[in-house]
Amino acid sequence: MRAHITRLVLLASFWTTVTGADWCYQVTCDSVCNGTDTWQKLHEDCAKNRQSPINIVTRKTKLDHNLTPLVFRGYQEAFDSLLVNDGHSVKVSVPVTHQATVSGGNLGATYKAVQFHLHWGENGGPGSEHTIDGEQYPMELHIVHMKQNYTTFDAALKDPTGLAVLGFFYEESKSENKKYNGLIQALRKVQPSNTSTSLTGISLSNLISSEEKMTKYYRYEGSLTTPTCTEAVVWTVFEIPIPLSKEQLSAFSFLKYPNGKPMTNNYRPVQPHKGRAVYRSGSAVVMFSFTLLLVCVCSALDLSQLY
């Protein structure tokens, strides 16, 4: 068990090293870090042509019938990990021994889950990174995967499609989402920056929507949304949001940045498309057409019995 926790700590430290510790979201008069407008001073990739997040303009998306429902394996299996406040967000690393993968949906490869983290606004206000037709949701979940054939995250970053990130929006609901109770309660233990707490029995499937609600999504090629902003990500952004209560959404705003101020609005502004195409899945249309076909067939059978 001790060795398992040690590996998780090393994973969390590695991710902090990759994303850097000399950047921030909010610049104040006493800041010594680089805000979102100057990330390119630290990492030139932050000014390249495939940056994320973006505003998805639905009328300009291209229908792609190859974007079939994704295939999730190992997502229902529970694992133990650490919830870490790294000064920018809260992150949970997926143990190396835990094989949770995603494939299908024209991804072109099988990707294994590495970690997940979130971006949010202030007390349940607008805070998602991606936007849909200019609408910003209260929060966004990113489940980060790398190609299964890579043994290190660094190797995956060198591949233009080495990473696959699944993005899920959240919306405010009148009732709490009980599947999130454990995670929300654990937030209280990591309010100060650079603290961590144990999470037991967590599964990725409990975090996301049911599979029938994940047939409609958007796909484009982009980057990490934090420095180093490496352009190695195949993005899948799901349309139907996950419900959380106002209290659950607001709980994230009690976390603290390294300067002791509330961790709010930890999202990167949307970036220019620069000619990139954004594709939408055709699953919802296919499902509707199939249902309509069944109705027509059943109706025809019923009519035939009248003669």
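I count two residues as in contact when heavy atoms of theirs lie within 4.5 Å. The model I am reading is predicted.

**Entry: Asp 45**

I looked up which residues Asp 45 touches, leaving out those up to four places away in sequence. The list is Gln 51, Thr 228, Cys 229, Thr 230 and Glu 231. I placed Asp 45 in the loop between H1 and S1.

**Entry: disulfides**

I searched the whole structure for disulfides and found two. I noted the pattern for the protein chain as 1-2, 3-4, counting bonded cysteines along the chain. A disulfide is a covalent bond between the sulfur atoms of two cysteines.

**Entry: Cys 46 and Cys 229**

Cys 229, listed above as a contact of Asp 45, forms a disulfide with Cys 46. I read 2.1 Å between the sulfur atoms of Cys 46 and Cys 229. The angle about the S-S bond is 80°, and I logged the link as right-handed. Where do the two ends sit? Cys 46 is in the loop between helix H1 (2-19) and strand S1 (55-56). Cys 229 is in the loop between strand S13 (217-222) and strand S14 (233-238). The two cysteines are 183 residues apart, and I noted that the pair links distant parts of the chain.

I then checked the cover on each end. Cys 46 has 6% relative accessibility and counts as buried. Cys 229 has a relative accessible area of 0% and is buried.

**Entry: Cys 24 and Cys 33**

The other disulfide joins Cys 24 to Cys 33, with 2.0 Å from S to S. I read 85° about the S-S bond, and this link is right-handed. Why do I class Cys 24 as buried? Its relative accessible area is 11%, and buried means under 20%, so Cys 24 goes down as buried. Cys 33, with a relative accessible area of 24%, goes down as partly exposed, because partly exposed begins where buried ends and runs up to the exposed cut-off of over 50%.

**Entry: whole chain**

The protein chain has five helices and 16 strands. Of its 307 residues, 51% are buried. I took the contacts between residues at least 6 apart in sequence, and 75% of them join residues at least 24 apart. The accessible surface comes to about 14800 Å², and carbon and sulfur atoms account for 55% of it.

Key
Residues numbered from 1 in each chain as written. Predicted model: local features only at pLDDT ≥ 70, side-chain atom pairs only at ≥ 80, totals over all residues. Heavy atoms only, no water. Disulfide = S-S within 2.5 Å. Buried < 20%, exposed > 50% of the residue type's maximum accessible area, 1.4 Å probe, protein only. Helix = DSSP H or I, 4+ residues; strand = E, 2+ residues; numbered from the N terminus. Areas by Shrake-Rupley, 256 points an atom, 1.4 Å probe, with all protein chains shown as cover.
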